[in-house]
Amino acid sequence: MADIVRQDIIEKKIFLIRGLNVMLDRDLAELYGVQTKVFIQAVKRNKDRFPEDFMFQLTAQEKAEVVANCDHLMNLKFSRGFPSVFTEHGAVMAASILNTPRAVQTSILIVRIFIKLRRMFLHDAVLKKELDELKRQTNDRFQVVFETLDHLLALDEKPK
């Protein structure tokens, strides 16, 4: 399937909102090869398949933050509505209701990327825990090193 989207393009469309990795409705529609209007209608027709942990609507503040951080979403700035976002499970459910070959194949890639992100966060958490333990076991001579590491980790924790 030549029209399957590249992994790096999908990764750029995943945002951290409310502590969850999510994708905007318009981005999922584009990735699945359907118009946003068609995508939203399909979701509305199958509302019972999308509980709040699969899909939720952005607040005004969240929408403004997403628009400010993403050049490809600048036209959302002038939209009166608030986009919906989909978690990993919501993205898969959306592909299942669209049931097109492209949606199915793209959803597999999306799930793999979400899994990769989850592993990265888990790995970071383990490293942070090990670093905290190491801090407790060492003396004050290494305090500057630990402060620098804490600063670098804090820079990495800022969401996109």
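Contact here means heavy atoms within 4.5 Å. In this predicted model, K13 is in contact with V22, M23, D27, E30, L31 and H72, leaving aside its neighbours within four places in sequence. K13 is placed in the loop between α1 (7-11) and β1. Its relative accessibility is 7%, and K13 therefore counts as buried, the cut-off being under 20%. One of its contacts, M23, lies 10 residues away in sequence, with a C-alpha to C-alpha distance of 6.1 Å from K13.

The protein chain contains 7 helices and 4 strands, arranged along the sequence in the pattern α-β-β-α-α-β-α-β-α-α-α. Of its 160 residues, 34% are buried. Among contacts with a separation of 6 or more, 71% join residues 24 or more positions apart. The accessible surface of the chain is about 10,600 Å², and carbon and sulfur atoms account for 56% of this area.

I17 has L20 in β2 as its bridge partner.

Helix α2 is mostly covered, with 6 of its 8 residues buried. These buried residues are D25, D27, L28, A29, L31 and Y32; D27 and L31 are also contacts of K13. The helix is followed by G33, which has a positive phi near 80°.

The largest nonpolar core comprises 24 residues, of which M23, L28, Y32, F39, F50 and I110 touch the most other members. Two or more residues of this core come from each of α2 (25-32), α3 (36-45), α5 (88-98) and α6 (101-137). In soluble globular proteins, nonpolar side chains tend to be buried together.

Y32 illustrates the contacts made by a member of the largest core. Leaving aside neighbours within four places in sequence, Y32 is in contact with F39, A91, V92, A94, A95, L98, T100, R102, A103, T106, S107 and I110. Of these contacts, F39 and I110 are also among the core residues that touch the most other members.

Notes:
Residues are numbered from 1 along each chain as its sequence is written. This is a predicted model: local features need pLDDT of at least 70, side-chain atom pairs count only at pLDDT 80 or more; totals for chains, interfaces and linings use all residues. Side-chain values use heavy atoms; hydrogens and water are left out. A nonpolar core is a set of buried Ala, Val, Leu, Ile, Met, Phe, Trp, Tyr and Cys residues joined through side-chain atoms within 4.5 Å. Buried means under 20% relative accessible area, exposed over 50%, partly exposed in between (1.4 Å probe, protein chains only). Two strands pair if DSSP finds at least two bridges between them. Accessible areas come from the Shrake-Rupley method with a 1.4 Å probe; for residues, only the protein chains shown count as cover.
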